[in-house]
Structure formats: C-alpha cells, structure tokens
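Please read these notes with the structure open beside you.

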Amino acid sequence: MKLVWRRAREARGLLVAAVIAALVAVALVTGLSDYNRRAVDAGQRALVTAAPAEERGLLVSGSAGRDAAEFATRDRAVRDEFTGGLAGVPVAVAVARYGTGRELTGDLGQVPRPDDEPVFASLATLADLAGHAELTSGAWPSPGANPVQVSLPERVAGTLGLSIGERIPLRDRATERASQLVLAGTWRPRDPTDAYWLLAPGVGAGSVGSATSYGPFTLDPADFEATFPGAVSASWLAEPDLGDVDTADLPAVRTALTAAGAAVPEAARLGSSGQTTTKMDGLLDRIARADLVGRSSLATPLLLILVLGGYALVLVAALLHEDRRPQTALLRARGAARRQLAGLAAREATLVVAPAALL
C-alpha cells in the first residue's frame with residue numbers, strides 16, 4: 001500500500017482531476033434527480049388541486065335512518081370504514097343531511113314558475129359549513145329560535161329576492177301545514193372548487209342545481225333534527241389526500257377505492273338506498289401518466305451527464321496510464337506479475353471511486 005500512496009503522490013494532479021470529474025458528475029446526477037423528484041411531486045399536487053371535484057372524492061348517499069340515533073350509528077359506521085384511509089392514504093370525511101317536501105309559497109323574486117309549478121326549498125344541515133364558507137351578511141343560524149333560522153348561499157338569496165331577517169313562508173306538501181323560516185345570514189364558498197361542495201349541489205364551481213328546488217337552506221343540526229324527526233337522506237364525502245401519494249401505491253389505492261364503493265354502504269346498512277359516486281379513477285390514471293412522463297424526461301440529461309463524466313474519467317485514466325508507463329516497465333523488469341500490477345491499478349482507482357461512492 002505504501003507503493004500506492006507513493007505513486008499517488010507523484011501523480012496527484014491527475015488523480016485530483018479524476019476525483020473532481022467523478023464528484024462533479026455524481027453531484028450533477030444527485031442534484032438533477034432531487035430536482036426532478038421535487039418537480040414531479042409539485043406537479044402531482046397541482047394536478048390534484050386542478051382536478052374536478054368529482055375526481056377528488058367518493059360520495060356515498062342513502063337513507064339517514066329513522067331517527068337521529070340511527071343516523072349517528074350509520075355515520076359512525078361510514079367513518080370507521082375510512083379510519084385506515086384508502087390503502088394507507090389519509091381520508092377526510094364530511095357529511096350532510098337533507099330534508100324534502102317543503103314548498104316555497106311566498107314571493108320568489110326572479111324565479112320563473114312556468115304553469116305555476118311548485119318550487120321547493122332544499123333544507124339541509126352541512127357539517128363544518130363555517131369552515132368552508134364565509135359569511136357575506138348576517139350570522140350563522142342559532143338553534144332553538146322561533147321561527148327557525150336558516151342561512152343561504154348569497155347567490156340563491158339574490159335570486160329569490162331575500163334579505164337578512166326576512167321571513168320565508170313554506171308549506172309541507174305531506175301534511176299541508178304552513179310554517180316559516182327566518183333568513184339569518186348569507187354566505188359564499190371560500191373555494192368553489194373544493195370537493196366539499198359535492199354535498200351541496202349547485203353551490204360549487206361547475207355544478208348545476210335543480211330548476212325546481214333552491215338552496216341549500218342550511219339549518220343548525222339541532223333544528224334540523226327537530227324539523228325532520230323522521231327518515232331523511234344523507235351523503236358522506238370521503239376525500240383522500242392524493243397530493244402526496246406515491247405512484248407505486250396507486251394500484252393499491254385503486255383497489256381500495258373499488259372495495260370501499262361496495263363495503264361502505266353495506267357497513268352503514270344503507271340497503272337499497274345506498275349509492276356511491278366517484279370519478280377518481282380518471283385522476284389516478286392522470287397521476288400515473290404524469291409521473292411516467294416526469295421520470296422519462298429525466299433519462300436523457302442523466303445519461304448525458306454519465307457519458308460526459310465517464311468520458312472525462314477515461315481521458316484522465318489514459319493520461320495516468322502514459323504517466324505510469326515507465327514505472328510499470330520498471331516493476332515488470334523487477335519481476336512484478338500482471339496480477340500484482342492489476343491489483344496496484346485497482347487500489348489506485350479506489351482513490352478516485354471511493355469519494356464518488358460516498359457522495
């Protein structure tokens with residue numbers, strides 16, 4: 001080994017050049033790989049954010065049960081199914097309940113009523129509405145008020161010609177009983193593209209509401225249960241966090257999504273009323289294709305760097321070989337075998353390769 005160090009000191013200029021060439025090539029490859037990984041991850045998050053709401057969530061709909069206790073049982077069953085996420089991907093669950101059969105009987109403002117067809121109010125209670133919408137006027141409904149307080153999307157309130165504090169007359173089509181609501185506040189979505197608005201058709205960006213039903217007229221949960229003590233419908237939105245999912249896990253996520261579409265309604269005992277809606281398969285396909293394109297675009301520059309780095313090392317090796325020719329001839333004359341000379345060259349090469357391998 002002393003001979004190796006002695007020869008290395010004599011040719012330290014060429015060995016330093018070889019080490020620098022190897023380190024530069026490795027640093028470029030490492031930096032480019034890390035940059036590409038970050039760019040692909042950022043692109044995936046942007047792709048998920050820009051995807052339509054229908055592709056970012058799984059909507060499970062069905063009967064909420066005969067009373068509040070049965071709804072609580074079904075709600076817990078749905079949430080339990082997503083406790084472990086989709087193949088390990090975290091899932092956020094939101095829920096909404098809907099009441100039916102309330103006809104708007106007052107002045108409907110700009111709403112057309114061809115042939116005096118009835119126009120209904122879509123009454124609902126949305127979990128964490130205040131976290132996804134901002135008030136534009138008034139306040140959120142207070143429970144226990146008489147008449148019952150509601151809030152409306154700002155756009156719907158304008159269409160119906162309603163203002164804060166105004167009373168809204170209704171008729172229950174099942175019992176023909178008249179009642180009133182009071183508009184406590186109006187709001188608008190913080191982010192109209194949020195998948196949360198799948199729970200409120202007609203509110204989010206690109207969604208279309210019904211021509212015969214307006215709302216949602218949102219009630220406090222306690223008032224909703226008092227107004228609709230019997231069977232109502234409910235929807236659960238399961239939204240997985242696909243922005244950071246590894247592409248290697250996409251097949252497992254797809255399998256878990258398919259399984260959840262059948263398992264969740266069964267676990268919640270929704271029976272024939274249970275329905276699942278999602279277009280997430282399209283988003284998973286686009287994520288996989290985007291990742292493939294991102295990784296493929298890395299191949300050419302990496303190959304070019306490796307070729308140039310290898311070419312530089314070959315040139316340095318050729319110069320080192322010429323510099324070593326007299327010493328090699330002297331060692332042969334003193335009886336050194338080819339195997340010994342090859343071992344000596346390998347140990348010298350280690351001085352160049354080791355720093356690059358460590359980096």
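1. Asp172 and Arg102 are both buried (buried means under 20% relative accessible area, exposed over 50%, partly exposed in between, with a 1.4 Å probe and protein chains only). Asp172 makes a salt bridge with Arg102, with the closest N and O atoms 3.3 Å apart (a salt bridge is a side-chain nitrogen of Lys or Arg within 4 Å of a carboxyl oxygen of Asp or Glu). Asp172 is in strand 6 (residues 167-172) and Arg102 in strand 2, so the pair ties together parts 70 residues apart in sequence. Helices (H or I, at least four residues) and strands (E, at least two) are DSSP runs, numbered from the N terminus.

2. This is a predicted model: local features need pLDDT of at least 70, and side-chain atom pairs count only at pLDDT 80 or more, while totals for chains, interfaces and linings use all residues. Residues are numbered from 1 along each chain as its sequence is written, and side-chain values use heavy atoms, leaving out hydrogens and water.

3. The whole structure holds 15 salt bridges. One of them joins the side chains of Glu225 and Arg97 (3.3 Å, N to O). Glu225 belongs to helix 6 (residues 221-227) and Arg97 to strand 2 (residues 91-104), 128 residues apart. Arg97 counts as buried because its relative accessibility is 9%, whereas Glu225, at 32%, is partly exposed.

4. Asp281 forms a salt bridge with Arg254, the closest N and O atoms being 3.6 Å apart. Asp281 sits in helix 8 (residues 280-333) and Arg254 in helix 7 (residues 250-267). Asp281 is partly exposed at 37% relative accessibility, and Arg254 is partly exposed at 28%.
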